[in-house]
Amino acid sequence: MTTASEKLADVTGVDEGAVARGQSIKSIYVYEAPVRLWHWINALSIIVLCVTGYFIGRPLPTMPGEASDHFLMGYIRFVHFSAGYILAIGLLGRIYWAIAGNHHARELFSVPIFQRAYWQEVVGMLRWYAFISTRPGRYVGHNPLARFAMFFVFLFTCVFMIFTGFALYGEGAQAGSWQERLFGWVIPLFGQSQDVHSWHRMGMWMMIVFVILHVYAAIREDIMGRQSVVSTMISGYRTFKD
Ligand code: HEM
Ligand code: HEM
C-alpha cells in the first residue's frame with residue numbers, strides 16, 4: 001500500500017521524507033543595499049588609489065620622444081584624484097547610511113571598548129585565528145575582531161588619507177580653493193609639503209596591510225567559520241551552517 005506522501009512524490013517528484021529530514025537554513029538580512037554597494041565601490045577605488053598612488057610616488061622611467069606627445073603622469077594623477085573624490089564622497093554617503101540604515105550599518109563607526117564581554121570575544125576570535133581554539137563564535141554582524149580592525153585601522157586610515165590627500169590637492173588647486181581652505185592646515189601640522197607626501201604614502205601601506213588581512217580573514221571565515229561571509233557582502237543575507 002502506498003502512503004499519502006509517496007503518492008505526492010509520484011505526482012510532484014518531491015521526496016517529502018527528504019524534505020522533512022533536511023536541515024533548515026536560517027538566514028538573517030544584515031547588510032542593506034547601500035552598505036553593499038558602498039563596500040564594493042570603496043574597495044575598487046582603494047585598489048585604484050594604491051596603484052596610481054604608487055606610480056605618483058615612484059614614476060615610470062622617462063617616456064621616449066617629445067614630452068608634448070605624452071600625458072602619462074597626467075592621466076595617472078587624474079585617475080588618482082577621481083578615485084580620491086569617489087572615496088571621499090562614498091564615505092560621506094556611508095556616514096549618512098549609518099544614521100538612516102539598520103543597526104549593523106552603525107558597527108563600522110563604533111567599538112564597545114568599555115564592555116568587558118567585548119574584549120573576551122576579541123580574545124576568543126584571536127585564539128580562533130591563531131588556530132588555538134577549535135570552534136569560533138557565531139555573529140550576525142561583524143565579528144568583534146573585525147569590528148576593531150575596521151574602526152581602528154580602516155576608518156582611521158581612510159579619514160587620514162582623505163585629509164592628507166585633499167591637503168596635497170589644495171596645493172595644486174592653489175590658495176583660496178575650497179580644498180586649500182578646508183584642508184590646507186594639514187600641511188603645517190606635519191611640517192611641510194614633503195612630510196605630508198611621506199605620511200600619505202605611509203598611509204597607503206597601512207591600508208594595504210588592512211586589505212591583505214581583511215580579504216584573508218573574509219575567505220578563511222567563509223570556509224572555516226560557522227556562518228556565510230563573502231556572500232553576505234553580496235546578497236546581504238547571513239546564513240548559518242549549524
Ligand atoms: C586609500 C586612499 C589613498 C591612497 C592609498 C593614496 C596613495 C597615494 C600615494 C602613494 C601617493 C604618492 C605620495 C608620494 O610619494 O609623493 C599619493 C599622492 C597624492 N594623492 Fe593620494 N592616496 C589616497 C587617497 C587620496 C585622496 C582621497 C586624495 C584627494 C583627492 C588624494 C590626493 C593625492 C594627491 C594630490 C597626491 C600628490 C600628487 C602629486 O604630487 O603629483 N589621495 N597618493
Ligand atoms: C580594497 C579592498 C577592501 C576594503 C578597503 C574593504 C573594506 C571593508 C569594510 C570597511 C568593511 C565593513 C563594512 C561596513 O560595516 O560598512 C568590509 C566588510 C566586508 N568585506 Fe571588505 N573590503 C575590501 C575588499 C574585500 C574583498 C575583496 C572581499 C571578498 C573576498 C571583502 C569581503 C568583505 C566581507 C565579507 C565583509 C563583511 C564582513 C562581515 O560580515 O563581518 N572585502 N570590508
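In which hand does helix 4 pass helix 6? Helix 4 makes a left-handed crossing as it passes helix 6. Do keep in mind that this is a predicted model.

**Helix 4 against helix 6**
- Helix 4 covers residues 72–100, and it packs against helix 6 at an angle of about 135°, with the two axes 11 Å apart.
- That angle makes helix 4 oblique to helix 6.
- On the helix 4 side, the residues that meet helix 6 are F81, G84, L87, A88 and L91; their partners in helix 6 are C158, I162, G165 and Y169.
- Sorted by class, this contact has 7 nonpolar and 2 polar residues, with no charged ones.

**Around ligand 2**
- Ligand 2 is surrounded by 22 residues, and A43, I46, L108, H142 and M233 are the closest.
- The shell divides into 15 nonpolar, 6 polar and 1 charged residues.
- At least two shell residues come from each of helix 3 (33–57), helix 6 (144–173), helix 9 (193–224) and helix 10 (232–235).
- Helix 3 gives the most, with 6 residues.

**A look at V51**
- You will find V51 in helix 3.
- V51 is partly exposed, because 13 other C-beta atoms lie within 10 Å.
- V51 and H80 are 29 residues apart in sequence, and their C-alpha atoms are 8.6 Å apart in space.

Conventions
Residues are numbered from 1 along each chain as its sequence is written. Chains are lettered from A and ligands numbered from 1 in the order in which they are written. This is a predicted model: local features need pLDDT of at least 70, side-chain atom pairs count only at pLDDT 80 or more; totals for chains, interfaces and linings use all residues. A residue is near a molecule or strand if its C-beta atom, placed from the backbone, lies within 6 Å of it. Helices (H or I, at least four residues) and strands (E, at least two) are DSSP runs, numbered from the N terminus. Ala, Val, Leu, Ile, Met, Phe, Trp, Tyr, Cys and Pro count as nonpolar, Asp, Glu, Lys and Arg as charged, and the others, Gly among them, as polar. A residue is buried if 20 or more other C-beta atoms lie within 10 Å of its own, exposed if 12 or fewer, and partly exposed in between; C-beta atoms are placed from the backbone. Axes are lines fitted to C-alpha atoms, for helices over the stretch in contact, and angles run from 0 to 180 degrees between N-to-C directions. Angles under 35 degrees count as roughly parallel, over 145 as roughly antiparallel, 65 to 115 as roughly perpendicular and the rest as oblique. A crossing is left-handed if the near helix is turned anticlockwise from the far one by less than a right angle, and right-handed if clockwise. Two residues are in contact if their C-beta atoms, placed from the backbone, lie within 7 Å.
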